[in-house]
Structure formats: structure tokens, C-alpha cells
Amino acid sequence: AVQAKLDYLKRLGINTIELMPFNEFEGNNSWGYNPNFHFAPDKAYGTKKDLKDLIDECHKQGFIVIQDIVLNHAYNSCPLAKMYWNDALNRPAADNPWFNQTSPNTAFSWGNDFNHQSQATKDYVDRVNRYWLTEYKVDGFRFDFTKGFTNTPGDGGGYDAARIAILKRMADKIWEVNPKAIVILEHFAANSEEQELTNYSNGMLVWGNANGSFSEAAMGYNESNKSDFNWASYQKRIFQKPGLVAYMESHDEERQLFKTLTYGNSLGNYNTKNLNTALERSQLTTAFFLSLAGPKMIWQFGELGYDISIDQNGRLSEKPVLWNYLDDPNRLKLFDVYSAMLRLRSQFDVFTSGQETLSVNGAVKKIQLKLNDHNITLLGNFGMSEIPVTPGFQHTGTWFEFFSGNELAVTDVNTSVLLKPGEYRLFSDKKLPAFKDLATAIPFEKPTHELQIFPNPATEILSIGA
């Protein structure tokens with residue numbers, strides 16, 4: 001079903017598809033984070049040949065394929081656990097060569113915890129990774145909960161030299177198989193540790209959760225730095241390489257549009273809970289999100305303003321696939337903004353590796369990018385009323401506004417620009433392709449199957465899963 005709709009993803013403008021865990025897991029309906037057989041694709045999703053055909057077709061059409069994989073733990077039906085099991089205590093036995101008897105993590109634990117300091121586990125991890133790289137030809141991995149790849153007691157939040165050594169060793173083995181393989185860590189540990197990991201060798205990538213700040217901005221709450229975007233910037237976090245995979249939504253986070261429609265702010269006649277207003281504010285957050293340098297990730301159907309709660313019918317339950325969104329011109333306008341911004345990122349390096357100057361912690365936000373002689377100034381009103389904005393253009397002269405196609409002759413870099421609530425302006429001192437030429441949302445043939453979405457290093461990742 002995914003393979004049949006790669007044209008949709010191509011029109012969106014992403015270049016990488018990240019598949020949620022498809023290793024065999026317990027049961028048939030799951031997110032896949034409860035694995036038991038790491039070398040097998042889950043039979044509920046299709047055959048081995050189906051999976052290989054999908055990956056081959058993705059490669060043929062120019063997509064990178066990332067495998068989300070869980071090597072922090074495995075559940076009780078995993079043979080590695082069952083072969084050395086303590087029936088009395090219902091846990092791995094003391095002589096289990098792969099698993100700890102109990103997890104050293106005092107806050108987060110699932111299934112049976114792998115002992116990543118054990119040579120048997122190191123060998124197993126290396127064989128699993130090599131298998132998927134060579135047999136199925138995936139282009140890299142997103143490793144779930146790498147904070148747990150340690151025997152250091154605690155919640156895993158602090159700097160951990162032992163864990164760093166474990167992850168570097170694993171990455172080195174992956175790069176022996178494929179020097180270009182992408183290694184993404186769901187880490188969420190000390191920033192100093194993430195700085196070190198992203199700077200190591202070929203460079204690992206780490207997840208950057210910006211759901212809270214972007215959601216607050218979309219809802220119209222900008223007090224007390226609630227909507228500060230700085231943590232979504234690898235440059236602000238002082239990474240030497242663009243190793244931060246920032247995202248506004250993920251499978252673990254509530255939908256931005258659902259939050260806005262349910263909890264959004266209002267002032268007078270301006271109400272962010274209005275659907276069209278909420279969609280316009282998602283355009284605003286998207287323009288800012290995709291203007292930050294470095295890799296970005298999109299979660300399935302965020303580009304159409306998916307507004308079904310993560311908790312509907314239970315957190316892990318199947319959610320409706322609403323292709324009827326394609327009939328709504330306001331949702332297609334959001335798609336257009338995603339599509340156009342992704343194409344700007346693929347065509348102009350200033351959007352992926354430009355030097356950032358950020359002012360993104362209030363109602364008025366500004367991103368300025370500079371790469372050689374190309375300058376970008378993005379302005380946005382995240383407030384609830386009309387606000388005059390001082391752009392602080394990098395120089396005088398002619399500037400081109402991307403979304404409207406208008407030209408602006410700047411004689412004073414601080415000439416005020418009046419923005420209505422939810423309005424945004426993207427100015428470039430070099431003429432960019434027309435927005436209408438980069439936006440590709442119309443027309444669409446309605447698909448009839450399910451899929452999910454995520455963007456990769458210096459470009460975009462897309463995540464598809466069941």
C-alpha cells in the first residue's frame with residue numbers, strides 16, 4: 001500500500017522514509033516497540049518479499065529508507081530471554097548472556113533489558129544491524145531509547161561515558177558495513193552527551209522534540225517562553241554538525257492541530273479553535289520549523305493538518321486515515337506550504353546549512369539565515385492581535401517575499417511591517433522560485449490505503465508505519 005503511493009510522498013517533497021518498527025513483535029496490532037524476533041519482518045505487515053520490493057522501489061524513486069528498530073529491550077517470547085529464564089522470579093536468569101536480570105534504569109523500563117556491556121549482546125546487535133543493511137538494504141536506523149544502552153543506574157538523563165562508548169562502538173560497526181549509513185538516536189540525554197555523539201566520526205543524529213514549543217505557538221500562548229523554538233536549533237545547542245532531527249509531531253506526541261482546536265487561545269473575534277484559523281497557524285509554524293537549519297522530521301499527515309487525538313480509542317489503537325482531507329482547500333494550502341518549503345530546502349543550501357540568527361521566544365518571531373551572499377529573513381506573528389514587526393533586514397535594497405511574490409524596496413532595514421495574527425513573511429535577497437510553482441498539492445487522486453509519514457541529514461525524513 002505504501003509502495004503504491006510513493007508519488008504522494010514525492011509530491012510532498014521529502015527524500016527519506018522512516019518506517020516504524022517492523023521487526024516481529026508480540027501480537028499483530030502494535031506500534032512495534034515490543035519486539036521478540038529481531039531478524040524477521042512482522043508477518044502482519046506482509047511478506048519478506050513485499051518489504052524488499054518496497055525498499056527497492058523507494059531506492060528506485062530516489063528515497064532513502066530508515067528502519068526504526070528496538071535494541072534496548074525484547075519481550076518474554078524472545079528466544080534469547082526464554083533460553084535463560086528464571087521461572088521463580090519471572091525474569092531473565094542470572095546467567096543470561098544477553099539480558100540484565102532487571103533494568104538499571106529507575107524511571108523507564110520495557111520488557112527485558114539488554115545488557116549492552118555483554119559481548120554476547122554486542123555481537124547480537126552487530127549481527128542484527130548487518131543483516132538489515134545487507135539483506136534488505138536499508139540505508140540506516142533510528143534506534144529507539146538509546147538512553148537505555150547502559151548499565152549505569154539511574155534515569156539515564158545525565159552524561160554517561162559508558163553509554164557513549166557503547167553507542168560509538170555500535171556506530172563504528174554499522175559504518176564498517178556501509179560508511180554512508182544513517183544512525184539516528186532517540187536519546188534525550190544531557191546536551192553535552194548529544195553534542196559528543198553528533199560530532200563523532202561520520203556523525204550520529206539525535207531526535208529533537210519541539211512538540212511543546214511549536215504547539216504552544218500554534219495555540220497562541222507565548223508567555224514565559226512557552227513557545228521558544230531555540231531548542232529545535234542545532235546551532236543554538238552548539239552542535240558542531242547538523243545532527244539534530246527536530247520535529248513538531250511524532251508518534252509519541254499529541255497532534256498540533258488537535259491541541260489548537262481543543263485548547264487554543266482566543267481574543268475578540270480571533271479564535272485559534274476555528275478550523276481554518278488553526279490551519280493557518282499550522283502554516284505559520286511550518287514555515288518557521290522548515291526554515292531552521294539541519295534535518296527535519298514530519299509525522300504522518302501533519303502536512304494535511306491531521307486532528308485526531310493520539311489517545312482516541314486508546315493510545316496504541318489504529319487511527320482513521322482521512323484521505324477526504326484532500327477535498328479541503330484549506331488543508332491543501334497547508335500541504336502547499338510544506339511542499340514549497342521542502343523544495344526550497346532541497347534547492348537552496350541557505351535553508352539547511354545557513355548561519356542562523358534567531359529571535360523565536362515571543363509573540364513576534366524572526367529567523368534570519370545567511371550563507372555566503374544569500375540572506376533570508378522570516379517574520380511571523382504568533383500573537384492574537386495585529387502587531388507592527390521590525391524586520392531588521394541584513395541590508396537595504398530589493399527583497400523578494402516568497403509566499404506573495406511581492407518585491408519590497410528596503411531603504412531602512414528597520415522599516416516596520418504590519419502583520420495580522422497568524423501572518424508570516426519570508427523575504428529573500430535573491431529571487432526564489434514562485435510559491436505556486438513549488439507547491440504541488442493539486443490535483444490529487446484519492447488513495448484508498450493507509451500510510452504514515454516522517455524528513456534526513458541536511459534534508460528531510462518521513463516516517464511511514466502501520
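With 466 residues, a compact globule would have a radius of gyration near 23 Å, and the chain agrees, with 23 Å; this radius is taken over C-alpha atoms, and the globule rule is 2.2 Å times the number of residues to the power 0.38. The model is predicted: local features need pLDDT of at least 70 and side-chain atom pairs count only at pLDDT 80 or more, while totals for chains, interfaces and linings use all residues. Residues are numbered from 1 along each chain as its sequence is written, and side-chain values use heavy atoms, with hydrogens and water left out.

**The whole chain**

Along the principal axes, the C-alpha atoms fill a box of roughly 75 × 45 × 45 Å. A cartoon display should be read with 12 helices and 24 strands in mind; helices (H or I, at least four residues) and strands (E, at least two) are DSSP runs, numbered from the N terminus. Of the 466 residues, 59% are buried, where buried means under 20% relative accessible area, exposed over 50%, and partly exposed in between (1.4 Å probe, protein chains only).

**Aromatic rings**

Next, display the aromatic side chains. The structure holds 32 aromatic pairs. Rings of Phe, Tyr and Trp (its six-membered ring) pair if their centres lie within 6.5 Å; planes under 30 degrees apart count as stacked, over 60 as edge-to-face and the rest as tilted.

Select Phe 25 and Tyr 45. Their ring centres are 5.8 Å apart and their planes stand at 65°, so the pair is edge-to-face. Phe 25 belongs to strand 2 (residues 23-25), and Tyr 45 to the loop between strand 3 (35-41) and helix 2 (48-60), so that distant parts of the chain, 20 residues apart, are linked. Phe 25 is buried, at 1% relative accessible area, whereas Tyr 45 is partly exposed, at 34%.

Then select Phe 141 and Phe 143. Here the centres lie 5.3 Å apart and the planes meet at 35°, so the pair is tilted. Phe 141 is buried, with 0% relative accessibility, and Phe 143 is buried, also with 0%.

Over the face of Tyr 136 lies Lys 52, at 5.1 Å from the ring centre. A charge sits over a ring if NZ of Lys or CZ of Arg is within 6 Å of the ring centre and within 35 degrees of the ring normal. Elsewhere, the charged end of Lys 365 sits over the ring of Phe 229, 4.8 Å from its centre.

**Two positive phi angles**

Most residues other than glycine have a negative phi. Select Lys 137, which has a positive phi of about 65°. Lys 137 lies in the loop between helix 4 (119-135) and strand 9 (140-143) and is partly exposed, at 46% relative accessible area. Now move to Phe 301, whose phi is positive and near 65°. Phe 301 is found in the loop between strand 15 (296-298) and helix 10 (329-347) and is buried, with a relative accessible area of 4%.

**Helix 10**

Finally, select helix 10. Its 19 residues reach 26 Å from the first C-alpha to the last, close to the 27 Å expected at 1.5 Å a residue; the expected span is 1.5 Å times one less than the number of residues. Of these 19 residues, 14 are buried, so helix 10 is largely enclosed by the rest of the structure.
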